[in-house]
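Subject: Structure handover

Hi,

Here is the structure for you to look over. My notes follow below it.

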Amino acid sequence: MDNDILLNIESKETRYAHLRNGILQDLIIERKKARQITGNIYRGRVTNILHNIQSAFIDIGEGENGFIHISDILENTKKFEQLFDMEFDFDEEKPTKAGSKKKVEIEEVLKMDQPVLVQVIKEPIGSKGARLTSNISIAGRYLVLLPNSPHRGVSRKIEDRRTRDRLKKVIRAFEMPHDMGLICRTASGQATTDMLVDEANELLASWQQVMKKFNNSSKPTLLFEESDIIKRAVMTAIDKKYDRLLVDDHVTFRKCKQICQKFSYEHPLRIEYYRDKVPMFERFNVEKEIEKATRRKIWLPSGGYLFFERTEAMHTIDVNTGRSSTSVTDVEETLVRVNLEAAQEIARQLRLRNLGGLVIVDFIDMRTKKNQRRVLERLKECMKGDPAKSTILGMSEFGLVEMTRQRSRESLVQTLFAPCPYCQGSGMIKNFESTAIEIERALKKVTGVMEQFGLKLIVHPQLNAYLESGDDKEYLLELAKNLNAALAFEASDELHLNDFVFFSTVSKKRIEV
């Protein structure tokens with residue numbers, strides 16, 4: 001199975017694409033003005049404390065204020081497990097004193113304008129600021145330094161007992177400053193003791209640099225920046241044993257080679273410079289897949305299709321038979337085949353579109369529970385490779401599947417598009433008949449209430465053509481005559497299709513209806 005990562009570098013944008021057997025599986029678009037900040041450490045300032053939800057807003061100097069909850073201020077080992085997408089086998093903790101688990105109010109730990117040291121654990125999305133924590137962690141390739149927590153542990157993903165015991169001995173023997181912790185990541189299983197010691201020293205040096213910057217600064221500022229998308233791409237390729245990393249920028253190509261050199265013993269990753277004149281994303285069909293991932297309708301190989309819709313509370317995906325041929329002898333199996341195809345494509349589209357939050361999938365109705373389970377299992381299996389955490393509930397009697405997917409960054413549509421100023425983002429405008437009826441009502445109001453009788457009506461040229469094509473214009477002229485008013489028409493392409501304006505031919509002023 002071929003696995004390639006493509007890196008397309010432009011002046012304002014870097015695009016990451018993961019292809020499996022030539023088919024796009026994952027896509028990340030990062031722009032310079034909206035770079036990812038998860039993992040960054042900041043000196044922040046408390047700007048608002050909300051007692052009722054035990055939270056606070058913190059200015060970190062990144063536009064929208066960040067948000068922190070009391071659970072992200074108090075020590076929380078579960079948060080570390082979620083952050084690094086793994087379960088940790090921690091050393092046994094010392095028993096806490098009686099009464100030490102009393103409820104702590106946020107006002108006890110934070111004050112207005114207080115300087116705080118915080119880390120981003122969730123990207124800002126839209127108008128929502130970044131989610132923050134004061135449980136700081138600095139991640140290396142093999143180790144994670146926990147400056148505010150004494151835990152020392154080994155990832156449970158390392159299953160070999162001997163390796164686990166060796167790593168536990170190494171990190172227990174390592175001399176750390178008081179109350180600091182250290183965690184061995186999955187990749188540490190292949191590292192030597194010297195490599196682990198070297199990285200631990202590097203992480204400690206990074207932390208000391210963070211504290212030095214914190215003490216020397218007086219306003220919200222960035223203290224530590226997490227790895228950029230280039231380094232993350234190289235490390236992902238090494239971790240997952242991908243075959244090739246293809247880069248279309250020579251400076252970035254050399255940077256990737258330099259990063260990879262240090263870890264070449266783990267996996268012989270091929271890093272190649274793309275020299276062809278045809279743009280790389282075009283050559284590998286990625287551009288078409290990106291364009292497809294912005295559409296609401298996606299056709300399936302069997303002839304069925306998916307329809308994506310977004311509401312304020314959730315994303316909905318409707319599965320339809322479309323053009324798929326259903327044999328009279330086995331309609332059920334045909335419907336199951338479409339649903340199985342849909343489950344696979346839905347998992348891929350969720351990754352490409354980066355849809356997060358609540359997702360409702362409306363599969364085609366199937367008669368038997370066995371077939372429902374087949375489709376549900378296929379969906380769960382296809383979602384396993386998704387780096388974002390997801391929870392999938394059972395299928396209801398109506399064929400609906402409820403699921404949640406972790407929101408890690410802006411969706412593809414939010415990154416590439418802005419709401420349409422013409423339709424205000426609704427995707428629809430009123431038809432000409434509705435506007436013609438509104439003009440009739442407005443004409444009666446202008447003459448009856450405002451007592452204006454010398455009138456000029458300005459409309460969009462397309463609306464004007466519609467009024468002329470039927471009997472609407474004749475009717476409006478006749479209505480004006482019956483209301484003792486003189487009405488003249490004029491077209492202007494400066495108006496919105498749904499807009500119309502009345503002017504007084506006497507005062508030459510616009511009439512506000």
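Asp 113 and Arg 45 form a salt bridge, with their closest N and O atoms 2.7 Å apart. A salt bridge here is a side-chain nitrogen of Lys or Arg within 4 Å of a carboxyl oxygen of Asp or Glu. Asp 113 sits in the loop between helix 2 (106-109) and strand 8 (115-122), and Arg 45 in strand 4, so the pair ties together parts that are 68 residues apart in sequence. Helices (H or I, at least four residues) and strands (E, at least two) are DSSP runs, numbered from the N terminus. Asp 113 is partly exposed, at 49% relative accessible area. Arg 45 is partly exposed too, at 31%. Buried means under 20% relative accessible area, exposed over 50%, and partly exposed in between (1.4 Å probe, protein chains only).

This is a predicted model: local features need pLDDT of at least 70, side-chain atom pairs count only at pLDDT 80 or more, and totals for chains, interfaces and linings use all residues. Residues are numbered from 1 along each chain as its sequence is written, and side-chain values use heavy atoms, with hydrogens and water left out.

More on charge pairs. The structure holds 27 salt bridges. One of them joins Arg 244 and Asp 4, with the closest N and O atoms 3.3 Å apart. Arg 244 lies in strand 15 (residues 244-247) and Asp 4 in strand 1 (residues 3-9), so this pair links parts that are 240 residues apart in sequence. Both residues are buried. Asp 4 and Arg 244 also belong to a salt-bridge network with Arg 270 and Glu 272. Lys 473 and Glu 468 pair as well, at 3.0 Å from N to O. Lys 473 is buried, at 14% relative accessible area.

Now Arg 43, in strand 4 (residues 41-50). The side chain of Arg 43 does reach the backbone oxygen of Phe 214, at 2.7 Å. The backbone oxygen of Ser 217 lies 3.0 Å from a polar atom of the Arg 43 side chain.

Arg 141 is in the loop between strand 10 (138-139) and strand 11 (143-146). It counts as buried, at 10% relative accessibility. Its side chain makes a polar contact of 2.4 Å with that of Glu 266. A polar contact is a pair of N or O atoms within 3.5 Å; within protein, one must be able to donate a hydrogen and the other to accept it, and residues adjacent in sequence count only if both atoms are side-chain atoms.

Two backbone points to check. Asn 285 is not a glycine, yet has a positive phi of about 65°. It lies in the loop between helix 7 (280-283) and helix 8 (286-292). Glu 451 also has a positive phi, near 55°. Its loop runs between helix 12 (432-448) and strand 23 (454-459). Glu 451 is exposed, at 57% relative accessibility.

Best wishes
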